[in-house]
Amino acid sequence: MDTMWTAGLLLGMLPLVLCVLRSLNEWRYCHPYLKSKNGKKLPPGHMGWPVIGELLDFLRCFKFTSKPDDFIWKRKAKYGDTGVYRTHLFGSPTIITCSPEANRFMTGPIESDSLTTGWPCPQLLGTSSIVMVEGMQHKRIRRYVMEAIGSPESIRRTFVTLQPSFREAFKSWAQKGTITAADEADEMTFSIICAQLFSFHSTPLLKKMQRIYKGLLCGFRAQPINLPGTAFHYAVKCKKSLSAIILSEMHDRRMNKGSIKEDFLQNLMDSVDSSGDKLSEEEILDNMVNLILAGYASTANSITWALYYLAKYPTVLQKLREENMAIRENKGGEKLLTYEDVKSMVYTSKVIDEVLRLANVSSFMFRTLLKDVDFNGFIFPKGWKLLIWLRTNHVDSRYFENPLEFNPERWDGPKPKPGVHNVFGCGLRLCPGSNFARMELFMLLYHLCIDYKWELKNVNAGTKYLPHTVVADGAKMNFTHI
């Protein structure tokens, strides 16, 4: 009897204990700001549970209910549509910005002296990577990278070098008949990006590099605990292995002047600024690792989603096919697209914008606050993390009618207001390869829609949102030549 009474008492006290724990965690982080500071106060929200914060709610939305936008909608309903909220995620007190105005503010002029990168860990990308460096060093490296991969001359060359590889890959897909688009796009994109970056074509080397790179990628979202057996520890080892391969190639080129190649690595090695300075070996190495990241996983994912949506919306595919067939016919049957042809691909551009909007390749950006920042009467405390939430605006009915519908025609109207459509990030750290990535999609869609047809094996496959947005079954499909 005593045991039952005790158990009942404990169960009865459990809600009170849980309430106290949440209140203590709230007080721990927020008590310095309970009284407004110069008329400023913390954004609305809650810090959740000790240690884990609101991570369980995040996982519930992204993984268990597959409704990731509920994480923000829930806070808007509870605290009002302020566009900024406080929380505790991924081990840190965090400010979330999710309105176009707040996102633009945080990635505007204040970014250079108020924010620093918050993810991933420098051990994985390198301290000299464009993702990690700040201030003038960031501007300097960004200029080099833009010249190497984003100049019109560089992109024109890719139209000549990339298309034969795309066509060969699509031919092999058709020979297989049934494919998993995500796997095929993954392999194709990795081999092509390595060819563009390093002129690497050896199949054994590419398979080795892809295996190493996947290990590196897995560590990006792991806790940075560098102990044997952890994903982070393995990722650090993968970074060293990948760096060794690239460093060996750089040394071979410097020792043998006759082996100079026309690729992005050579462009970075040869680039000289107005003062006559070149990038250091470490800067080149770290940024080549970063360029693999930028040009591989996100591009492969975008290709998969393009195939998926076009299969589900045959009228869109037919319009796309008609536009691209007309371009080929005007070229006298010439098979390869040119950089200048892109100007005529009006509908194709709308399809690309719509794919990127719904795919949400970059759902949010991570930063760390270097000092207190004031915004609309709220204070964002120094030392807290900042989560610039991009995806919510992409699927907000205030900005896009029927936002979950795949509808390229929506881009016939006025462009979305600034801060709404940020598929390549925004601000000072807008992806320097954004134009290159778009040009890749123009080339891909041109050859796909004219020469091939495909049908999904499961039109209701669903979506997985962690670690990023993917088709649940990888978009299994029948793929054939027309």
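User: How many salt bridges does the count come to?

Analyst: The model is a predicted one. A pair is counted when a side-chain nitrogen of Lys or Arg is within 4 Å of a carboxyl oxygen of Asp or Glu. By this rule the number of salt bridges is 28.

User: Which residue forms a salt bridge with Arg-253, the closest N and O atoms being 2.7 Å apart?

Analyst: Arg-253 also meets Glu-249 in a salt bridge, but there the N to O distance is 2.8 Å. Glu-249 and Arg-253 are four residues apart in helix H11, so about one helical turn separates them. The 2.7 Å pair instead links Arg-253 to a residue in the loop between H11 and helix H12. That partner is Asp-263.

User: Is Glu-249 buried or exposed?

Analyst: Buried means under 20% relative accessible area. Glu-249 has 12% relative accessibility, so the class is buried.

User: Where is Val-51, and is it buried or exposed?

Analyst: Most residues other than glycine have a negative phi. Val-51 has a positive phi, near 70°. The residue is found in the loop between H1 and helix H2. With a relative accessible area of 68%, Val-51 is exposed.

User: What is the phi of Asn-376 near?

Analyst: Asn-376 lies in the loop between strand E6 and strand E7. The residue is exposed, with a relative accessible area of 63%. Its phi is positive although the residue is not glycine, and the value is near 50°.

User: Which residues is Glu-26 in contact with, leaving aside its neighbours within four places in sequence?

Analyst: Glu-26 is found in helix H1. At 14% relative accessible area, Glu-26 is buried. Its contacts beyond those neighbours are His-31, Gly-45, His-46, Met-47 and Arg-86.

User: What is the area of the nonpolar surface patch made by Val-20, Leu-21 and Leu-24?

Analyst: Leu-24 lies in helix H1 and counts as exposed at 51% relative accessibility. Together with Val-20 and Leu-21, Leu-24 makes a nonpolar patch of about 240 Å².

User: At what angle do helix H16 and helix H18 pack?

Analyst: Residues of H16, including Val-351, Ile-352 and Leu-356, meet residues of H18, among them Leu-441 and Phe-442. The crossing is right-handed. The axes are 10 Å apart, and the angle is about 115°.

Terms used. Residues numbered from 1 in each chain as written. Predicted model: local features only at pLDDT ≥ 70, side-chain atom pairs only at ≥ 80, totals over all residues. Heavy atoms only, no water. Patch = residues over 30% accessible without salt bridge, like charges linked within 9 Å, V, L, I, M, F, W, Y side chains within 5 Å. Areas by Shrake-Rupley, 256 points an atom, 1.4 Å probe, with all protein chains shown as cover. Helix = DSSP H or I, 4+ residues; strand = E, 2+ residues; numbered from the N terminus. Buried < 20%, exposed > 50% of the residue type's maximum accessible area, 1.4 Å probe, protein only. Axes fitted to C-alpha atoms, helices over the stretch in contact; angles between N-to-C directions. Left-handed = near helix turned anticlockwise from the far one by under 90°. Contact = heavy atoms within 4.5 Å.
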